[in-house]
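Open the model in your viewer and keep the sequence beside it. The paragraphs below walk through it one region at a time.

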2 protein chains.
Amino acid sequence: MSKFLKNGTILTESLPSIVAYGSAVGRMEGEGPLGSCFDYVSEDSTFGEGTWEKSESRLQQHAMEQALIKGKLSEGDITFAFAGDLLNQCTSSAYSMRNNGVRFLGLYGACSTMAESLALASVFADNHPGTFNLAMTSSHFCSAERQFRFPETYGGQRPPTSQWTATGSGCAIVGAHAGPPYVNAVTVGTIIDMGIKDANNMGAAMAPAAYDTLKTHFENTGTGPADYDLILTGDLGFVGGELLKDLFLQDGTDLGENYNDCGMMIFDREKQDVHAGGSGCGCSASVLCGYVLDRVKNGELKNVLFAATGALMSTTLVQQGESIPGISHAVHIKY
Amino acid sequence: MSKFLKNGTILTESLPSIVAYGSAVGRMEGEGPLGSCFDYVSEDSTFGEGTWEKSESRLQQHAMEQALIKGKLSEGDITFAFAGDLLNQCTSSAYSMRNNGVRFLGLYGACSTMAESLALASVFADNHPGTFNLAMTSSHFCSAERQFRFPETYGGQRPPTSQWTATGSGCAIVGAHAGPPYVNAVTVGTIIDMGIKDANNMGAAMAPAAYDTLKTHFENTGTGPADYDLILTGDLGFVGGELLKDLFLQDGTDLGENYNDCGMMIFDREKQDVHAGGSGCGCSASVLCGYVLDRVKNGELKNVLFAATGALMSTTLVQQGESIPGISHAVHIKY
């Protein structure tokens, strides 16, 4: 049975395994530096559907299908699914899981959803031996930009702090202890709002939440940056990533060489014009499930602290003059 | 440790207690048949705030405050909070919990959120002795109608099948076994879409999901309608409630006299012009936390099967010609 440690951290007892995982992305992500890592790369952004929202649901289904195939599982084997996404009413998840008979617990954590879903799936797997618990999320550039900023055909100018919503999805299935990658611990975050009101600077809005969650995780588990060969936030991007490092430096802590951010990894900043880096639920989800987990599985990475970050940004509230709350959850994945 | 039974049902082992609960509603709900049951009734719909979205966050804070006061707890005592709501990006929950230091897991289950959050809080309380786990949701007539249909000042005609989004919130805190109400079991639902496309007929969109979850719960636990002195859906309203009874009758099962729906209870159909009844996350949340739990606590009700229902309705997808998926989760609360 998993053990509640303190202040948001749960340690697993059985070290449940991420028994299968799959990723799917759009063409631009496929052309990026991690392109060869993803299980499914679409030729275009439509995924064969007539609207961007339906494209994103289809994208999620591709990620789930890849995970199921690789795990030699079917939808009927899934005990509980934890999923959510960026779209209003989390439609990508709702429509991708519609009528498939899977017991579904819908989440909303904005771009922190991959860590939130993986944390819950891992705790359930640890407490309920023999179950398979699915964690999934997605984002799509066209559906997200239309909803949160401008339709992509509008051609609005993007400031340097803006990030590029990745078109991607990741799906991980957590079951009983059966070989790496294992989930060792999770730390649930709190909602932190330091007053950022710029809808084009998500990195700054989320960095304090990532700082709080990582710091809490280090304190609760008695570990520090040196205990992890990868500390991976997502998706702070280049602006938020620098802020996070600065926040830790103010404490005298250097996150070190092993710190990286999914938003800095998924695109090539030189060749792909993404300004402050990638973002979106699907950015951290596809980087985790496409790139990271394989490297934990083969032992190349021994201890990964995955801390997806979410800006709980509402256009309505921003228009009302409100600032943007952020949240981050952390999952310690080990070999 | 809670036990996964089969097909979505988890039985608790320790019978965790709902150690505290609070409710808050608007004036109209306060004038309804359950008015005297609610802990906090506002004089108007603004809750002292300048926008409907902020009003709804404040409403949620009132419900949480009532629960904390009644449980002699502070925010610092809460181990994990599970909350969500109807608004895009679940802003009522995000802003009500902002900067309060509570470890937060955001949910999206539309109007099923009270059951989803209570189910997760109960499983966590069962598996992590000594923790306090908060479940909360809300809805507000003005913020919901503006987002999903028309602003209230538009004066749009409402068809007879339409329901009235309740302005209300409920908050329940689940901890160790310490007196009734106890949570005995939870059943997680699946996403079911039978093709309803009418955004003014949520009851019909949700009834098949409620049927599936209740039927699954009965089968998994070896119980039937006669084992519960209250089977409470929410918020199917009068149209969806009749459909649910019909679906069970087709199986030869009579839900019986003990069936009721939060949407049929919160307003007076004769005196309050709400058409097919109440709806919204806050309807089932306030009826549960304002009316039902007190009656389980004092033994008036011995076994309540609470099955909140959600229509995962997106205006974007409905405009694209898509039908509306529904979901329902069930929680067995006992004396």
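Start in chain B, where two helices meet. Gly203(B), Ala204(B), Met206(B), Ala207(B), Pro208(B), Ala210(B) and Tyr211(B) come from helix 6 of chain B. Their partners in helix 7 of chain B are Gly237(B), Val239(B), Gly240(B), Leu243(B), Leu244(B), Leu247(B) and Phe248(B). Sorted by class, this contact of helix 6 with helix 7 of chain B holds 11 nonpolar residues, 3 polar residues and no charged ones. Keep in mind that this is a predicted model.

How are two packed helices described? Helix 6 of chain B spans residues 202–221, and its axis lies 8 Å from that of helix 7 of chain B. The packing angle is about 35°. The crossing of these two helices of chain B is right-handed.

Now turn to the corresponding elements of chain A. Helix 6 of chain A covers residues 202–221, and helix 7 of chain A covers residues 237–250. Their axes come within 8 Å and cross at roughly 35°. Helix 6 of chain A passes helix 7 of chain A in a right-handed crossing. On the helix 6 side of chain A, the contact residues include Gly203(A), Ala207(A) and Tyr211(A). On the helix 7 side of chain A, they include Gly240(A), Leu244(A) and Phe248(A). This contact of helix 6 with helix 7 of chain A has 11 nonpolar, 3 polar and no charged residues.

Step back to the whole of chain A. Chain A has 10 helices and 15 strands. Its radius of gyration is 18 Å, close to the 20 Å that the globule rule gives for 335 residues, so chain A is as compact as a globular protein of that length. The C-alpha trace of chain A spans about 50 × 50 × 35 Å along its principal axes. Buried residues account for 65% of the 335 residues in chain A. How far apart in sequence are the residues that contacts join? Of the contacts in chain A between residues at least 6 apart in sequence, 79% join residues at least 24 apart.

Next, the interior. In soluble globular proteins, nonpolar side chains tend to be buried together. Here the largest nonpolar core has 238 residues. Which of them touch the most other members? They are Ala81(A), Phe306(A), Ala81(B) and Phe306(B). Take Phe306(B) as a case. Not counting residues up to four places away in sequence, Phe306(B) touches Ala115(B), Leu232(B), Leu288(B), Ala330(B), Val331(B) and Ile333(B).

Val19(A) gives a view from a strand. Val19(A) sits in strand 3 of chain A, residues 17–25. Is Val19(A) buried or exposed? It is buried, because 22 C-beta neighbours lie inside 10 Å. Beyond its neighbours within four places in sequence, Val19(A) contacts Gly71(A), Ile173(A), Val174(A), Gly175(A) and Ala178(A). Val19(A) and Val304(A) are 285 residues apart in sequence, and their C-alpha atoms are 17 Å apart in space.

What does each chain bring to the contact between them? Chain A supplies 46 residues and chain B supplies 46 residues. On the side of chain A that touches chain B, strand 5 (80–85), helix 3 (91–96), strand 6 (104–106), helix 4 (113–127) and helix 10 (315–319) each supply at least two residues. The residues on this side of chain A divide into 21 nonpolar, 20 polar and 5 charged.

Finally, check the backbone geometry. A cis peptide bond joins Pro180(A) and Pro181(A), with omega about 0°. Pro181(A) is in the loop between strand 9 (168–175) and strand 10 (182–187) of chain A. In chain B, a cis peptide bond joins Gly234(B) and Asp235(B), with omega about 15°. Asp235(B) belongs to the loop between strand 11 (230–234) and helix 7 (237–250) of chain B.

Gln89(B) is not a glycine, yet its phi is positive, about 60°. Gln89(B) lies in the loop between strand 5 (80–83) and helix 3 (91–96) of chain B. With 29 other C-beta atoms within 10 Å, Gln89(B) is buried. Ala110(B), not a glycine either, has a positive phi of about 50°. Its loop runs between strand 6 (104–106) and helix 4 (113–127) of chain B. Ala110(B) counts as buried because it has 31 C-beta neighbours inside 10 Å.

Terms used: Residues are numbered from 1 along each chain as its sequence is written. Chains are lettered from A and ligands numbered from 1 in the order in which they are written. This is a predicted model: local features need pLDDT of at least 70, side-chain atom pairs count only at pLDDT 80 or more; totals for chains, interfaces and linings use all residues. Axes are lines fitted to C-alpha atoms, for helices over the stretch in contact, and angles run from 0 to 180 degrees between N-to-C directions. Helices (H or I, at least four residues) and strands (E, at least two) are DSSP runs, numbered from the N terminus. A crossing is left-handed if the near helix is turned anticlockwise from the far one by less than a right angle, and right-handed if clockwise. Two residues are in contact if their C-beta atoms, placed from the backbone, lie within 7 Å. Ala, Val, Leu, Ile, Met, Phe, Trp, Tyr, Cys and Pro count as nonpolar, Asp, Glu, Lys and Arg as charged, and the others, Gly among them, as polar. A nonpolar core is a set of buried Ala, Val, Leu, Ile, Met, Phe, Trp, Tyr and Cys residues joined through C-beta atoms within 7 Å. A residue is buried if 20 or more other C-beta atoms lie within 10 Å of its own, exposed if 12 or fewer, and partly exposed in between; C-beta atoms are placed from the backbone. The radius of gyration is taken over C-alpha atoms; the globule rule is 2.2 Å times the number of residues to the power 0.38.
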